[in-house]
Amino acid sequence: MSKTSSYVSRQSDEQGFIHWTDEENQIWSELIRRQLSCIEGRACNEYLDGLKKLNLPQDRIPQLAEVNAVLQQATGWRCAEVPALISFDRFFQLLANKEFPVATFIRSREEFDYLQEPDIFHEIFGHCAMLTHPAFAEFTHRYGQLGLAASKEDRVYLARLYWFTIEFGLLNTPEGLRIYGGGILSSPGETQYALGSDVPERHSFNALDVMRTPYRIDIMQPVYFMLQSIDDLFDIAKLDLMALVQQAKALGLHPAKFPPKQKQAS
C-alpha cells in the first residue's frame with residue numbers, strides 16, 4: 001500500500017454496477033486467458049475448485065455482485081469496492097468483517113505484465129477462488145481481527161505472515177508442489193518461477209520463521225514457504241500469533257536474501 005497511485009478506481013452506479021470500457025474488458029480477457037493457461041498443473045486443486053465455483057467470465061470484467069453471490073454462499077465472505085489505495089486500518093477492518101477489498105481499476109497495457117498495486121484482476125482472479133475454501137477464509141478473517149487490534153510495529157510482523165501465505169504461499173501436495181498464493185497465481189512470470197526455477201529457496205512453513213523473513217514487493221521472491229495441506233491454515237489461525245510476533249521481535253529478522261532497494265534520485 002504505497003502513498004500514491006497512478007490509477008483511479010471506477011465507481012459503481014446506484015445499482016452497484018461498474019461500467020467498464022471495451023478496452024478494460026479486453027485487457028481482462030487477455031489477462032485471464034493467458035493466466036488460465038499458465039496455471040495448468042501449477043495451481044492447487046482447492047484454487048481450481050474455487051475457480052469453477054466463481055465461473056469468471058473471460059470476455060469481460062465480472063461485476064462484484066456476481067463474485068459475492070458465490071463467496072457468501074461458500075464461506076460468508078464478500079468483496080468490498082475500494083479506491084486504488086486504502087489505509088491499513090481500513091484494510092484490517094474489512095478483513096475482520098469478512099469483506100475482501102477489491103480496488104476497482106484494471107492495469108494499463110503499459111503495465112500488463114506487472115504492476116505493484118493490486119488491481120481487480122489480481123484481487124478477483126488471484127484471491128477470490130481461495131476465499132471459497134473454509135480454511136483460507138478462516139485464516140484471512142483471523143488475520144484481519146489480529147491486524148485491526150495490533151500496533152503499527154506489530155503489524156509489520158503480521159504483514160510477513162500475510163505475504164508468505166495469502167500472497168505467496170505454496171502447497172506440498174501428493175501430486176507435487178502447487179500454488180495457492182494470489183500474488184503468484186495472478187502473475188505469469190512468478191507462476192513459472194515459483195515452481196519451475198531452482199533459484200528460490202522453499203521451506204516448510206513455520207510461523208515464527210515467516211515473521212522473521214524479510215521480503216521485497218518488487219522482485220521475484222527468493223524464499224517461499226510450503227504448507228502440507230491447505231487445512232493447515234485452520235491450525236495457524238488458532239496459534240497465539242501475537243505471542244509469536246513478540247518472539248520474532250525479540251529474536252530479530254533473518255538476513256535478507258536480496259539486495260536493498262535502490263533509492264531513486266529525486
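I counted two strands as paired where DSSP finds at least two bridges between them. The model I examined is predicted.

Entry 1, a strand pair. I looked up strand β3 (residues 170–173) and strand β6 (residues 223–227), and found that they pair in the parallel sense over two bridges. Within this pair, I noted that L170 has M226 as its bridge partner in β6.

Entry 2, the sheet. I then traced the order of the strands: β4-β3-β6-β5, an open sheet of four strands with mixed pairing. At the edges I found β4 (176–179) and β5 (201–204), each of which pairs on one side only. From one strand to the next, I recorded an average twist of 35°.

I asked which strands helix α9 touches. Helix α9 (residues 188–196) packs on the sheet and touches β3, β4, β5 and β6. I noted that the direction of α9 makes about 155° with that of β4.

I listed 12 helices and six strands. The radius of gyration is 18 Å, close to the 18 Å that the globule rule gives for 266 residues, so I regard the protein as being as compact as a globular protein of that length. Along the principal axes, the C-alpha atoms fill a box of roughly 50 × 50 × 40 Å.

Of the contacts with a separation of 6 or more, 67% join residues 24 or more positions apart. I recorded an accessible surface of about 12700 Å², with 49% of it belonging to carbon and sulfur atoms.

Definitions and conventions. Residues numbered from 1 in each chain as written. Predicted model: local features only at pLDDT ≥ 70, side-chain atom pairs only at ≥ 80, totals over all residues. Heavy atoms only, no water. Axes fitted to C-alpha atoms, helices over the stretch in contact; angles between N-to-C directions. Contact = heavy atoms within 4.5 Å. Rg over C-alpha atoms; globule rule 2.2 N^0.38 Å. Areas by Shrake-Rupley, 256 points an atom, 1.4 Å probe, with all protein chains shown as cover.
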